[in-house]
Amino acid sequence: MANAHHITEIADASAGAMARAAFDFLTYLQSFPLDQVRRETFELLNRRAYGAGLEANRNSFQEIFTRVVQAGAKYGLETLDIPLRKRPTVASAMTFTMTNPRVSEFIARYTFMLITGVANETRAGIQTILADAFARGMAPAEQARLIQPMIGLLPSQAQAVINYRRALEDGQLRNALNRASRDGRYDRSLLAAIRDKKPLRQAQIESMVDAYVRRSLRSRAEMIARTETIRAANAGLRESWRQAQEQGLLLAGTKQKWIIATDERTCPTCSPVPSMNEGGVLLGSNFQTPIGVSEAPPLHPRCRCTLGLVL
C-alpha cells in the first residue's frame with residue numbers, strides 16, 4: 001500500500017519550488033494598480049499561473065503542480081502491492097497517462113480555484129487595510145501608498161501589519177519585538193530606541209514595516225506550497241488507482257483509507273477522520289470529516305495527511 005511518509009516526501013521535495021512560484025505570484029499582484037486588483041483580474045492571474053511573463057529559470061504554479069501529480073501517480077503505481085485481477089505488477093501491466101482528460105480537467109479546475117481563492121483573499125485583505133485607513137481619516141492618496149505594498153496578504157496578515165505599524169508609531173516597541181513576523185535585523189534599532197527612550201524615525205518605521213510585509217508574503221507563499229504540494233501528490237496517487245481500476249487491475253470494491261500524519265504537526269481536525277470512515281470508503285467516494293465531506297487531503301492549510309488502499 002502507499003506509504004504516507006513517502007507521499008509527504010514527494011510533496012516536500014517540490015515545496016521549495018512551489019513556494020518560490022507562490023511568492024512570485026503574490027508579488028506579481030503588487031504590479032497591478034490598486035483599483036485593478038479590486039476589480040476582476042482573473043484572466044491576467046490565470047496566464048501568470050501558467051507561466052506568462054516568468055523568467056526562464058522560474059517554474060509556474062501549473063508546471064510544479066503537474067510535476068507533483070505525476071510523481072504521486074508514479075509512486076502509486078510502484079507501490080501498488082494488493083490482490084490484482086491479473087498477476088503481473090500494476091506498474092508493468094497497466095498503461096498510465098497524464099493526458100487522460102480527467103487529469104487535464106482536474107489541473108485546469110485546480111488552477112482556476114487556486115487563482116480565484118488568491119484573488120478573493122487578496123481583495124479581502126485590501127478591505128481590512130482600507131477599513132483601518134478610513135478609520136484613521138487617511139486621504140485616498142495616503143491609502144494607496146499604504147496598501148500597495150501589502151497587496152497579496154491575507155486579512156489576518158494585513159491586520160497584523162496594521163498592528164505592527166501602530167506599535168512602532170505609538171512607541172510600543174517591546175510589543176513590536178514580540179511579533180513573530182518581524183525582521184530580526186531591526187531588533188538592535190528597536191532595543192536602542194527603547195534604551196534611549198527615543199521614537200523611531202519615520203524612515204525606520206517604513207523600512208521595518210516593508211520587511212514585515214515581505215516576511216508575511218513569504219509565510220503565505222510557504223503555506224500555499226505546503227498545502228498544494230500535498231494536494232498534488234495525493235491527486236496523482238488517486239489517479240493511478242483510478243486508471244488501474246479502469247484497466248481491470250484493481251477490484252471494483254477496492255477501498256481507500258485516510259492516513260493522518262503522525263508527527264508533531266498532526267492537527268486535531270484530521271485526527272477523527274479515520275474513525276469516522278472505519279473500514280475505508282470506495283475509490284472515488286468522499287470521506288466524512290469534522291468539517292464536512294472531503295474527496296481527499298488536504299483538509300486544511302498545511303495538512304500532511306494522505307491516502308492508502310485498504311488491503
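Predicted model: local features only at pLDDT ≥ 70, side-chain atom pairs only at ≥ 80, totals over all residues.

User: How do H8 and H11 lie relative to each other: roughly parallel or roughly antiparallel?
Analyst: Helix H8 (residues 155-169) packs on helix H11 (residues 202-246) at an angle of about 160°, and the axes are 10 Å apart. Angles over 145 degrees count as roughly antiparallel. So H8 against H11 comes out as roughly antiparallel.

User: And which hand does the crossing of H8 and H11 have?
Analyst: The residues involved on the H8 side include Gln157, Val161, Tyr164 and Leu168, and they meet H11 residues such as Ile205, Met208, Val209 and Tyr212. As for the way H8 passes H11, the crossing is right-handed.

User: How many residues of the contact of H8 with H11 are nonpolar?
Analyst: Ala160 and Val161 of H8 are among the contact residues, as are Arg165 and Glu169, with Ser216 and Arg220 among those on H11. Sorted by class, there are four polar and four charged residues, and the nonpolar ones number nine.

User: What about H4 and H11: at what angle do they pack?
Analyst: Their axes are 6 Å apart. H4 and H11 are oblique to each other, therefore neither roughly parallel nor roughly antiparallel. H4 passes H11 in a right-handed crossing. The packing angle is about 45°.

User: How many charged residues does the contact of H4 with H11 have?
Analyst: H4 brings residues including Phe61, Phe65, Val68, Gly72 and Ala73, which meet H11 residues including Ile224, Glu228, Arg231, Ala232 and Trp241. The class count for this contact is 13 nonpolar and five polar, and the charged residues number two.

User: How far apart are the axes of H6 and H11?
Analyst: Helix H6 (residues 101-135) packs on H11 at an angle of about 160°. H6 and H11 are therefore roughly antiparallel to each other, and H6 passes H11 in a right-handed crossing. Their axes are separated by 12 Å.

User: How many charged residues are in the contact of H6 with H11?
Analyst: The H6 side includes Arg102, Phe106, Tyr110 and Glu121, while the H11 side includes Arg220, Glu228, Arg231, Glu239 and Arg242. By class there are seven nonpolar and three polar residues, and the charged ones come to eight.

User: What kind of aromatic pair do Phe25 and Phe61 form?
Analyst: The whole structure holds six aromatic pairs. In this one the rings are 5.4 Å centre to centre, with 65° between the planes. Phe25 sits in helix H1 (residues 4-29) and Phe61 in helix H4 (residues 61-78), so the pair ties together parts 36 residues apart in sequence. Planes over 60 degrees apart count as edge-to-face, and the pair is edge-to-face.

User: Which residues does the cis peptide bond join?
Analyst: Most peptide bonds are trans. Here omega is about 10°, and Pro298 lies in the loop between strand S4 (292-294) and S5. The cis bond joins Pro297 and Pro298.

User: And what is the phi of Lys197?
Analyst: Most residues other than glycine have a negative phi. Lys197, in the loop between helix H10 (187-196) and H11, has a positive one, near 55°.

Notes: Residues numbered from 1 in each chain as written. Heavy atoms only, no water. Axes fitted to C-alpha atoms, helices over the stretch in contact; angles between N-to-C directions. Helix = DSSP H or I, 4+ residues; strand = E, 2+ residues; numbered from the N terminus. Parallel < 35°, antiparallel > 145°, perpendicular 65-115°, else oblique. Left-handed = near helix turned anticlockwise from the far one by under 90°. Contact = heavy atoms within 4.5 Å. Nonpolar A, V, L, I, M, F, W, Y, C, P; charged D, E, K, R; others polar. Phe/Tyr/Trp six-rings, centres within 6.5 Å; stacked < 30°, edge-to-face > 60°.
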